[in-house]
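Please read them with the coordinates open.

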Amino acid sequence: MKYAFILITAITLFFLSCGGGGGSSSQPQNNTPDVNTSHDTNTTDTNATTSQSMRLIVTVPALTPDDEFICLGFNDANPALKMQTLGTNRWQIDINESSFDSTQYKYCRNCECDAADESFDDANQSWRVLAFQKATTQEDNVTAWRWLSANLLHISLDTTDYQTTPPNNTKTDFFAGVMLNDWWKHEWIDSIDTTMKKITQDTNATWIQYAPVPEITQLYPTPIIKAVAANGTSDADLLAIIKSAHTHGLKVFLNPSPWAFDADGSPEDHNQTWWNDFRDQWKPIMLHYAQIAQDNDVEMLEFKMWPNIDAINDNEKAKMNDLASGLLDDVKSVYTGKIAVQSICYDVDRPVLDAQRNGDYLAVNIWSYYPWHLGDTKDDNVSSIYNHIDADLDACKNYYDNNSISKPVIIEQLAAASYDGAIIGAVENDEDIDSFHENNDSYTLDLQEQADVYEATLHAISQKDWIEGNYAFTYFYWDSVGKDINIRAKPAQNVIAKWYGWMR
């Protein structure tokens, strides 16, 4: 196969560890809670140039998406500045010296200056140098964008083994979903509406999943959870995201997910005091999101009561099962909508929790190389991938039946990357196929492989009447054809649109 990406066990950890693209060493900036959700306050006057400012005008490539905007980013802590369109791929902005600390700058799309920035001819050059001169107009030209080129946007798939007619058992009321990034930058807020519109038009999705990620800053000896992590979502931004989704006719699945981003030597088994403390830390945060869901007509909420479901064994269950059930009852007293509870079905030794029996749905992850291992070789075709996932899903159903769990299942994360060998987990370092880092030529872009995984998996899902939904992970806030798991602007998006059109 040619072209593909996938995350390792901690998908969230991968994204939160992203560094600056194109040679930048900057990290994604922390969002500020309860702030104005417009970039207009950051820009200077875009009318006539004054003696206190200079004007920058830039011409960008013709393939720049019409629904994206251009920003000016500086190599400092200041946020990128949104520019004003002049039409015909030309943008302008008036700036003064107080707008920035560094004289290094570059242009980027949708204010994503780490992964949607301009591409330079010299791989070691990632910034322009500004010579500020008042009352001067400077013209620039962007010749190319990183991860976006005409030949990648118009690649032809080999669809020989693809389904061309709807399945006989077409589903009704299927949760046809797309999952947005499970990390957040406030500067993306201006692209929320266009992103929601693009999801509805280009994927046929009827749902979006959004996952705020409170950070477990300490696991041991006593757990400590920060409600809004460095890449977390403020309430103001979360409400804007929910409102935008509803405005564009999308239902919302809210999935707050506590996560420990740094290992700290915590043992696999925790004592009862540890679990009591974890519940006490997590309870107000979980109930806060339940209240947000209730107040804003969120259609589904995921219940969590564990930092890492992979680590739950019989000993852990004995200590936290009653705590989880009690917290689920508390959530139900606040939120009256549908509740999904995360489950694992690929490991038959995993205990079943009472909370998993008491929700409305079970939520399951399918990642193309872990833990499902959908390929024996990186060149496996659609039929081979289908056979893998079909057998694994049958094993899941047997596991649920054997444990007398009759809840319907939604696939909360279907993730497949776009580098050659993603289905066998060929990558050893996330950064090697991360769009927020420099390109690593050791791994080849493989858009076909990602599309094949979606084709095979959605075909298999369509045959299982006990699976009632799927969320494709993940959807960027800008067009990007990199090696990662993003589906926006990639051929996999067309595969999703086909199956969602049949099943939803």
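1. Overall make-up. This is a predicted model. The protein has ten helices and 19 strands, and 57% of its 504 residues are buried. Of the contacts between residues at least 6 apart in sequence, 82% join residues at least 24 apart. The exposed surface comes to about 19100 Å², with 43% of it supplied by carbon and sulfur atoms.

2. Helix α5, geometry. This helix runs over residues 272–295, 24 residues in total. From first to last C-alpha it reaches 34 Å, close to the 34 Å expected at 1.5 Å a residue. At the start of the helix, a side-chain oxygen of Asn 271 comes to within 3.2 Å of the backbone nitrogen of Thr 273. Just after the helix, Asp 297 has a positive phi of about 55°.

3. Helix α5, burial. The buried residues of α5 are Trp 274, Trp 275, Phe 278, Trp 282, Ile 285, Met 286, Tyr 289, Ala 290, Ile 292 and Ala 293. Residues three or four places apart in an α-helix point the same way, because there are 3.6 residues a turn. The cover over the buried residues of α5 includes strands β12 (215–218), β13 (224–226), β14 (251–254) and β15 (300–303). Helices α4 (235–247) and α6 (314–334) are also part of that cover.

4. Nonpolar cores. The largest core holds 101 residues, and Phe 303, Met 305, Trp 306 and Tyr 454 touch the most other members. Helix α5 gives the largest share of this core, ten residues. A second, separate core has 31 residues, including Leu 81, Phe 132, Trp 145 and Val 481. Returning to Tyr 454, its contacts beyond four places in sequence are Leu 414, Ala 415, Ala 416, Ala 472, Phe 473, Ile 487, Ala 492, Val 495 and Ile 496.

5. Glu 68. This residue is in the loop between β1 (54–59) and β2 (70–74). Is Glu 68 buried or exposed? Glu 68 counts as buried because its relative accessible area is 3%, below the 20% cut-off. Its side chain makes a polar contact of 2.6 Å with that of Arg 109. Leaving out residues up to four places away, Glu 68 touches Trp 91, Arg 109, Asn 110, Trp 478, Asp 479 and Arg 488.

6. Positive phi. Asn 89, which is not a glycine, has a positive phi of about 60°. With a relative accessible area of 25%, Asn 89 is partly exposed. His 373, also a residue other than glycine, has a positive phi near 50°. His 373 is placed in the loop between β17 (361–367) and α8 (382–402), and its 43% relative accessibility makes it partly exposed.

7. Cis peptides. Where do cis bonds occur? One joins Tyr 220 and Pro 221, with omega about 10°; Pro 221 lies in the loop between β12 and β13. Another joins Phe 473 and Thr 474, with omega about 15°. Thr 474 belongs to strand β19 (residues 467–475), and Phe 473 is among the contacts of Tyr 454 listed in point 4.

Notes. Residues are numbered from 1 along each chain as its sequence is written. This is a predicted model: local features need pLDDT of at least 70, side-chain atom pairs count only at pLDDT 80 or more; totals for chains, interfaces and linings use all residues. Side-chain values use heavy atoms; hydrogens and water are left out. Helices (H or I, at least four residues) and strands (E, at least two) are DSSP runs, numbered from the N terminus. The expected span of a helix is 1.5 Å times one less than its number of residues. Buried means under 20% relative accessible area, exposed over 50%, partly exposed in between (1.4 Å probe, protein chains only). Contact means heavy atoms within 4.5 Å. A polar contact is a pair of N or O atoms within 3.5 Å; within protein, one must be able to donate a hydrogen and the other to accept it, and residues adjacent in sequence count only if both atoms are side-chain atoms. A nonpolar core is a set of buried Ala, Val, Leu, Ile, Met, Phe, Trp, Tyr and Cys residues joined through side-chain atoms within 4.5 Å. Accessible areas come from the Shrake-Rupley method with a 1.4 Å probe; for residues, only the protein chains shown count as cover.
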